[in-house]
Amino acid sequence: MKKILIIGSSGLLGSSLSEFLILQGYEVVTVTRTSLNSNYRIQADIAEQLDEVLNKENPQYIINLAALTDVALCETEPSLAFSLNACIPDNIARSSYKNSHVIHISTDHIYNSNLSKENEVVVLNNYAKTKLEGEQYCDLSRTTILRTNFFGKSKSMRSVGLCDSVYEMALSGRKLSLFKDVFFSPLSIDSLIENILLVIHNPKAGVYNLGSRCGMSKGDFISKFLTEVNAEFEYELVNMPELSVARPHDMRMCITKFEQTFSTTMPKLEEEIRKVANEYKV
């Protein structure tokens, strides 16, 4: 039985991924900072703590999901952002334990134009800066970096995603302001997990965009999702206001490199929305 160690296993993606990999027959070792349900509660940004766990467990794969994704908090707490977004992949690369393939989950937040390729990076804030620094610390001879965005119904005790939030707001009767000028191309959590498994089965080092085909504005995304779940909602389409922290307006990615390397085809975003909406109808 192959062993997979997941860092940041209690979040939105980690909770579903851990459950899925166990069902696939893998031995899963979970690492978090605080979760009582994880195998290890350590500060993975402290090199000695992570090194001890890796050498004790001897995993064949390491999946790093740990990150500080709150864009505003990354700006006000730059040291914390660097610790979680950059130090952890650095510690993995520097560890004395070298017998694993690493899958590092990165972000689409480092792009700002339609169909951005992997070399077309734009850094607008400290979240993007520290996530990119984390990538640069990775040992690319044994690491697959997946730049992605994802959505789905949360199985986490501590994290909710975009769909959970807007579904609750719609049920509350709140009028929604939906951004018509912010675009992205996320995958459903289930599809992302399936493609992580594809990398596990056929590990190939490198940096890859991983998203859906035919992205759309966040306004259209939320409207289509709420329509699919038969929610009654009132909304207005607006431009994203100027915020104290700059954010990208177009995070749609070119996914050709991943598709060609791993011989697969990504689903369209509309298909992914319908898939996730079905989880809310049960």
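Reader: Hey, looking at this model: what share of the contacts with a separation of 6 or more comes from residues 24 or more positions apart?

Author: In this predicted model, residues 24 or more positions apart make up 80% of the contacts in the chain with a separation of 6 or more.

Reader: Ok. And how many helices and strands does the chain have?

Author: There are 10 helices and 13 strands in the chain.

Reader: What about the overall size, along the principal axes?

Author: The C-alpha trace spans about 55 × 40 × 40 Å along those axes. The radius of gyration is 18 Å, and this agrees with a compact globule, because a globule of 282 residues would have a value near 19 Å.

Reader: How much of the chain counts as buried?

Author: Of the 282 residues, 55% do. As for the surface, the chain exposes about 12,900 Å², with 47% of that coming from carbon and sulfur atoms.

Reader: Let's go inside then. Which residues touch the most other members of the largest nonpolar core?

Author: Those are L21, I63, I196 and I200, in a core of 28 residues. The elements that each give at least two residues to this core are β1 (3-7), α1 (12-23), β4 (61-64), β5 (101-107), α7 (189-201) and β11 (206-210).

Reader: Which one gives the largest share?

Author: That's α7, with seven residues of this core.

Reader: New topic: L80. Where is it, and is it buried or partly exposed?

Author: L80 sits in helix α4, which covers residues 78-94. Its relative accessibility is 31%, so L80 counts as partly exposed. If you want a distance, the C-alpha atoms of L80 and A67 are 9.8 Å apart, and these two are 13 residues apart along the chain.

Reader: And V238, which strand is that in?

Author: V238 belongs to strand β13, residues 235-238. Not counting residues up to four places away in sequence, V238 touches S177, L178, F179, K180 and D181.

Terms used:
Residues are numbered from 1 along each chain as its sequence is written. This is a predicted model: local features need pLDDT of at least 70, side-chain atom pairs count only at pLDDT 80 or more; totals for chains, interfaces and linings use all residues. Side-chain values use heavy atoms; hydrogens and water are left out. Helices (H or I, at least four residues) and strands (E, at least two) are DSSP runs, numbered from the N terminus. The radius of gyration is taken over C-alpha atoms; the globule rule is 2.2 Å times the number of residues to the power 0.38. Buried means under 20% relative accessible area, exposed over 50%, partly exposed in between (1.4 Å probe, protein chains only). Contact means heavy atoms within 4.5 Å. Accessible areas come from the Shrake-Rupley method with a 1.4 Å probe; for residues, only the protein chains shown count as cover. A nonpolar core is a set of buried Ala, Val, Leu, Ile, Met, Phe, Trp, Tyr and Cys residues joined through side-chain atoms within 4.5 Å.
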